[in-house]
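Subject: Structure handover and findings

Dear colleague,

Please find below the structure that I am handing over to you.

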Amino acid sequence: MEYQEPVYAEPTRTQRLSGTESEAAIIGYTAKIKSEPTKLDFDEFVAAMWLQGIKFGIDSNAVRQAISGDKLLRMPVAAYLEPTPGRDAEIKEMCAELHRDNSPKMLLNGKADLGAFKNRFPRFQRGCVC
């Protein structure tokens, strides 16, 4: 369960302190804090849930509706879901033309140029279909 309430930001503004009205010299600064209403961002909400250990099953539609509203409410934001089998992330080359090759560039005389790469930044050629 999550308690949804209006969110306030407290920006700090510095204000110059000057001497008497006849003097324009600045004698110091003071910090003024004012509470201003603001809106919670959905991404900030998800980050806060991650810190609380909720990483799966967040009802994004319900949370977005609650964030857009201005009323106080208590609602479930995530449901328990059984874990699903997964696999490790991998990089899969989908097109041979986009292969990144960081090996040294070979010069025509057979020597390697250690300051240049064979194909450091691959780009699509016109008409290439992967």
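The notes below cover the model and its confidence, then the helices and their core, and lastly the strands.

This is a predicted model, in which local features need pLDDT of at least 70 and side-chain atom pairs count only at pLDDT 80 or more, whereas totals for chains, interfaces and linings use all residues. Residues are numbered from 1 along each chain as its sequence is written, and side-chain values use heavy atoms, with hydrogens and water left out.

Model and confidence

The mean pLDDT of the chain (the predictor's confidence in each residue, from 0 to 100) is 78, and 83% of the residues score at least 70.

Of the 130 residues, 10% are buried; buried means under 20% relative accessible area, exposed over 50%, and partly exposed in between, with a 1.4 Å probe and protein chains only. The accessible surface amounts to about 11400 Å², and carbon and sulfur atoms hold 53% of that area; the areas come from the Shrake-Rupley method with a 1.4 Å probe, and for residues only the protein chains shown count as cover. Among contacts (heavy atoms within 4.5 Å) with a separation of 6 or more, 42% join residues 24 or more positions apart.

Helices and core

In α1, the buried residues are Phe42, Phe45 and Met49. They line one face of the helix, because they fall within an arc of 55° when seen down its axis; the arc is that of the directions from the helix axis to the C-beta atoms. Asp43 and Leu51 are exposed on the face of α1 turned away from its buried side. Glycine 53, which follows α1, has a positive phi near 95°.

Helix α2 (residues 60–68) buries Ala62, Val63, Ala66 and Ile67. These residues cover an arc of only 135° around the axis, so they sit on the same side of α2. Asn61, Gln65 and Ser68 are exposed on the other side of α2.

The largest nonpolar core has nine residues: Phe42, Phe45, Met49, Ala62, Val63, Ala66, Ile67, Met75 and Val77. Both α1 and α2 supply at least two residues each to this core, and α2 gives the most, with four. A nonpolar core is a set of buried Ala, Val, Leu, Ile, Met, Phe, Trp, Tyr and Cys residues joined through side-chain atoms within 4.5 Å.

Strands

Strands β7 (residues 101–106) and β8 (residues 112–119) are paired in the antiparallel sense over four bridges; two strands pair if DSSP finds at least two bridges between them. Lysine 105 has aspartate 113 in β8 as its bridge partner, and methionine 106 stands opposite alanine 112 in β8. Five residues lie between the strands of this hairpin, in which glycine 110 adopts a positive phi near 90°.

Threonine 14 belongs to strand β3 (residues 12–18). It counts as exposed because its relative accessibility is 65%. Its C-alpha atom is separated by 8.8 Å from that of isoleucine 33, 19 residues apart along the chain.

Yours sincerely
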